[in-house]
Amino acid sequence: MKPPPFVASVLFPVLGLVLAAPLSVSAQTPPSAADPAWKKHVVFEGFPCATANAADYNGDGKMDIVASTGGKVRLFAAPDWTETVIHVFDKLGRQCIHSEVFDVDGDGDPDYLGGHSKGPVFWLENPGGGKTGPGPGGQWTRRIVEPDINGFHCLLKADVNKDGKVDLLINNFEPSGPLADTMIWCEIPDDPHKAERWTRHAFADGDARGGSHYLGFGDLNGDGWGDIAAGAKGAPFEDGNWFAFWTSPGSAEGVKQPWKKTVLATGQTAATNIHPADLNGDGKTDLLASRGHGFGLLWFEAPDWTIHEIHETPEGPHCLTVVDLDGDGDTDAATVAKDSRWALWYENDGQGNFTPHLIDGDQAAYDIRAIDMDADGDPDLVVAGQNSKNVVWYENPVK
């Protein structure tokens, strides 16, 4: 694929080569509007929101949304988005920078995991039985997952050691503290209600300097074990602006040992997100990424990790989801550029060529999730609006 005119020439797109990312864009011209149009549903307005996720939290069969905004964690119950505060931060103005949702304690209902960027990472126990608010039996109990995090930006659930149980991946943004330049995965303890913290293992042990951001999990080398990819935004930290992955050593005990780091590319100004998927249908797992504090989306083609630019113009594509959005069997992508204020989905032709479609020309975001909100069988998009001070979801028109 020919590089865009403002990207440095790529002479030998091989593993580890320094490639310059776009530094500026001369004009902000959005792509054509998506046809058919996606319907926008507003859940909440009033405060900046960095993260939102969805699950049937109250057990009524409908997808609810939990968002952290305005110093609180708030549950919005479908279909009317009735608000219940399930956690209040101890310091004014704090909110979760990222979140996850899964059944931590195995009692059959989804729990909430999150934390302020400075930590700690915690989980909120769902009281269950449809009791999702204050009052007898309705309290959400806060318990610690990881106390030593200093500047995390991503939580990601995955079964790292293939024991059939969900683990939690956590990055660490800051180059200081007990986990400086380190990223970890944590096992749920035998009794998560009584444990002071979860069992911690480092997969990036002191070799993730530079402002690591969001993580992706998938088998990149075909050995049956999940590897972990990440982007790092750089400024104000040294040695950033890279995409890389860490290869699992394999075996249930081996994953607790050192993982091998592979640098995909440096010079990727303000790198943030990266997710694995077979993008060109050749049976190999590729990686799709965004420069979320800079410009544009790109993908790395396995096995040599050749870079292909997807869309150079969007400014601040901080969030990213990689999923089949149009039901044609290949993997598409979606983002919301927080600075351009464009919600976009990228249609894959099955060979790794992507066509951008504008969903909304006035929406910002820090976080995006692909979730079937209306139970019609296709993934919709849940968006946490940071600069736009809202939480919305977009209804996928594909039938």
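R341 is partly exposed, with a relative accessible area of 25%. In this predicted model, R341 forms a salt bridge with D362, at 3.0 Å from N to O. The two residues sit in distant parts of the chain, 21 residues apart. R341 belongs to the loop between β23 (332–337) and β24 (342–348), and D362 to the loop between β25 (354–360) and β26 (367–371). D362 is partly exposed as well, at 48% relative accessibility.

The structure holds 17 salt bridges. Another one pairs K157 with E100, with a distance of 3.9 Å from N to O. K157 is in strand β10 (residues 155–158) and E100 in strand β6 (residues 98–102), so this contact ties together parts 57 residues apart in sequence. The cut-off for buried is under 20% relative accessible area. E100, at 7%, therefore counts as buried. K157, at 37%, is partly exposed.

D148 and R200 make a further salt bridge, with their closest N and O atoms 3.1 Å apart. D148 lies in the loop between β9 (141–146) and β10, while R200 lies in strand β13 (residues 199–204), so the pair joins parts 52 residues apart in sequence. D148 has 23% relative accessibility and is partly exposed. R200 is partly exposed at 32%. Both belong to a salt-bridge network that also links E146 and R197.

Now to a sheet. Four strands form an open sheet, ordered β14-β15-β16-β17, with antiparallel pairing. β14 (212–218) and β17 (260–265) are the edges; each has a single partner strand, so one side of each lacks a neighbour in the sheet. The twist averages 25 degrees from one strand to the next. Five bridges join β14 to β15 (residues 227–232).

Conventions. Residues are numbered from 1 along each chain as its sequence is written. This is a predicted model: local features need pLDDT of at least 70, side-chain atom pairs count only at pLDDT 80 or more; totals for chains, interfaces and linings use all residues. Side-chain values use heavy atoms; hydrogens and water are left out. Two strands pair if DSSP finds at least two bridges between them. Axes are lines fitted to C-alpha atoms, for helices over the stretch in contact, and angles run from 0 to 180 degrees between N-to-C directions. A salt bridge is a side-chain nitrogen of Lys or Arg within 4 Å of a carboxyl oxygen of Asp or Glu. Buried means under 20% relative accessible area, exposed over 50%, partly exposed in between (1.4 Å probe, protein chains only).
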